[in-house]
Every structure is written in C-alpha cells, then in structure tokens.
Number of protein chains: 2
Amino acid sequence: MKLSEGVEAAIHSAIVLADLPDGATLPGSALAEYHGVSGSYLLKHLKGLVAAKILESVPGPAGGYRLARGVEKISLLDVVLAIEGPQPAFRCLEIRQKGPGALEPAAYNKPCGINAAMLRAERAYRAVLAETKLSDLIEGYVADADPRAVAFSCAFLERSQRMPR
Amino acid sequence: MKLSEGVEAAIHSAIVLADLPDGATLPGSALAEYHGVSGSYLLKHLKGLVAAKILESVPGPAGGYRLARGVEKISLLDVVLAIEGPQPAFRCLEIRQKGPGALEPAAYNKPCGINAAMLRAERAYRAVLAETKLSDLIEGYVADADPRAVAFSCAFLERSQRMPR
DNA sequence: GCAGGAATACTCGGATATCCAGTGTCCGAGTTTCTCCGG
DNA sequence: CCGGAGAAACTCGGACACTGGATATCCGAGTATTCCTGC
C-alpha cells in the first residue's frame, strides 16, 4: 500500500498550471525547477497526464503544458489514476482456487468475498478523491499559504509562461 | 498504489484459522499447503499478524497458530495494517518547501492541502475496512461457496489441527 | 511397574539471496521561430 | 521594403540504466513429546 511519489509532483504541477492565463503554456523544465525536482523525471509523469487528457502539450519553442479543461472539472482521482494506472490496489489472485482442495473453475462463479470487500473500500477511497477537484485545493491554498509564497508563484509564472499564437 | 500480495494470503489464513475449535492450533505449513503457497514465505506474514496481536503462536510439536480473539473483533483493517504497515499510502514529501521559492520552515505551519485531501480519502478507505469483520466474510463464504469446498475445508482442518493440552 | 532424564522431532523466528516495479537519466523526433537572402 | 526558404533552437516523446522494497528461501532457537534407563 504505497503510492508513487510522482503523484505528489503531478498534483502540484497541475495546480501551478491552473494559474496560467487562458491559452498560455509552461515548459516542463520550468515546472521541475519550480518544485526542485529532476526535470527529466517529471516529464515522465506529465506525459501520463497528457495521455489521460488532463494536460495538453504544445511542442516547439513557446511550447509547454497547460490544463486540458477547467480546474473544477479535474478531480484528484483523475490525476491519481493517470499516474498509478486504473487497476485497483488489491488484486485478487484467486488463491481460493489453488491448493489441494481446488475444484473446477466453474465452481467459483460467485465473486470472492474478500475481493469484494477490498474493492468496496477502494470505491469509497476513490469516491472521496473524485469529489475533490483541483479548484478546491486551490481555494484552500490561497487561503492558507504564506503571501510571500503566493507572490513568488505569480512572479515565477509571469516570468516563465509562454503564449503560443 | 499497490497492496502486497501477502495481504490476500493473510486474510485467507485468518479465515481458515477461524474455523478451528476453541484452543486448537494449525501449523503454518498446513496453511501454506492448503493455499498452495510457499510455506517459508507465508510464515513471514503470519509473523506480522502475531506481532499485531491478531494471531497467537504456540511453539513446539502440537504447536501452530490460532486467532488471538473472536472473529467479530478482527477487522480487515487490522489485517491490512499488520501486513502493509501503519503508515498511510500517500506520503507528503513537502515539495512545496523545495525549489527556488522556498521560505523558512516556520512559514509552512499550516498542513499541506493536498496531503489533507489524500489522507481524507484514505480515512474513508480504512473506515470501510474497519467495519468489515472476519465474521462478515465468513458469513458470505458459507453462503456462496461450493458445498464440496466447504466439506474439503472441514476435512482438512480435522486432519491437520493440533490440540495443545 | 514407575519415575526421572535425555534425546528427538516438530514448531516458530530471524537472517539471508533473488527479482521486479518504481526511480532517475539520457538521446532522438517534431515543430515553431528567427534569420538571411533574393526579388 | 517585402516575401520565402533554410537553419537553428527549443519543446516533448520514447528508450535505456539503477535502486529500494517485496518476494522467496534457508538455517537456527525453543519446546512438548517420546523413549529409554535406573530404581
């Protein structure tokens, strides 16, 4: 039970991109510098976000990344699934069908109760993530963050953003 | 986001042990044989369950494992935490404090909103697991399982259980 | 026949190799931009 | 002065090493049993 640490970077990156003016982009290298992480590695995760239609990428000079849709239409679940993959955390290996007492596969048409319980828990987990939007996180950020941090963030964006024609 | 596959074996093992008569034990090797998994490796996880006070171990001949308390007092969460460890799946690395715009640590007294949201989701996850007891799983098992599987299970226990004096 | 003791066999527990997903990095493909040259 | 073609620079995208944790295994510590010997 352990999430990839790229999830955290991906969420932070998405929040930074949310502050861009409409249509502007930010290079992946700028995002990496802003967060103090390896640029080459951050691109790996941003790529996943692009594949999940959460971000859009613009190639060439004046290119970079931007959100593919509004902050209120992007949930934490979208980001987590884009990085971690859609498969559930608990994978039933059907060990009930192994061992000396195994029957023919047709005898196991009913789903495994353990698997069902674990998936039920994970549905609750995902439900909370799904109802938490990026807009909620941003709202909390501007309310709690140090004003200097906000000012730096704005200045950084002003300096690094690119506006393709 | 991936659970150890030992979790599944641990839950199945606990359910098997639940069918033992009061006070009887079952060797780890019997549990491994029943599930068709490596005995040496299963012991590693059973050890974790013992450390978490979910199982009791009895050494020597006629020894083995048994549940440390009633099936209605053991939740799925107990088992999962015993195997996976208590730390949450999402570990906030505080990357907001990294990078060129970092401030002194005292400026980050408010908790990170992202971390808070992820932990909120995980609390929902754990809440579902906590309210699912072993007794619930057993109830579903006897209702859905093939009668032959139940018969084999009973015969196996009858054959392998040990009764320390 | 009975009691005591030592050897035994079986159990769990911890320390030790092996493997794979996640981590980290690099180089190549593609596109826009800028510059330079010709008209 | 203007238009177009070419080179350049910057971007993202996919392919290639490295590392930590999970997986799998073995050998040692401990205890109840069992057998044997002496009384």
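This short talk covers how chain A and chain B meet, and then one residue, A:Val58.

First, the ground rules. This is a predicted model, so local features need pLDDT of at least 70, side-chain atom pairs count only at pLDDT 80 or more, and totals for chains, interfaces and linings use all residues. Residues are numbered from 1 along each chain as its sequence is written, chains are lettered from A and ligands numbered from 1 in the order in which they are written, and side-chain values use heavy atoms, with hydrogens and water left out.

Start with symmetry. Chain A superposes on chain B by a rotation of 180 degrees, with 0.0 Å of shift along the axis and an RMSD of 0.0 Å. In chain A, the C-alpha nearest the axis belongs to A:Tyr125, 2.4 Å away.

Now the interface. Contact here means heavy atoms within 4.5 Å. By that rule, 53 residues of chain A touch 53 residues of chain B. The copies meet through the same surface, because 100% of the interface residues of chain A are also interface residues in chain B.

How much area do the two chains bury between them? About 4,800 Å², with 69% of it on carbon and sulfur atoms. Buried area is the accessible area (1.4 Å probe) that two parts lose on being put together, summed over both. A:Met1, A:Glu8 and A:Ile95 supply 17% of what chain A buries against chain B, more than any other three residues.

Next, the charges. The rule finds four salt bridges across the interface. It asks for a side-chain nitrogen of Lys or Arg within 4 Å of a carboxyl oxygen of Asp or Glu. One salt bridge joins the side chains of A:Lys110 and B:Asp144, at 3.6 Å, N to O.

Which elements of chain A give two or more residues to the side that touches chain B? Among them are helix H1 (6-18), helix H5 (113-131) and helix H7 (147-160). Helices are DSSP runs of H or I, at least four residues; strands are E, at least two; both are numbered from the N terminus. H5(A) gives the most, eleven residues.

Last, A:Val58. This residue lies in strand S1 (residues 55-58) of chain A. Buried or exposed? At 22% relative accessibility, A:Val58 counts as partly exposed. The cut-offs are under 20% for buried and over 50% for exposed, with partly exposed in between (1.4 Å probe, protein chains only). Leaving aside neighbours within four places in sequence, the contacts of A:Val58 include A:Thr25, A:Arg66 and A:Pro164.

Technical notes:
Copies are superposed by least squares on the C-alpha atoms of residues with pLDDT of at least 70 in both.
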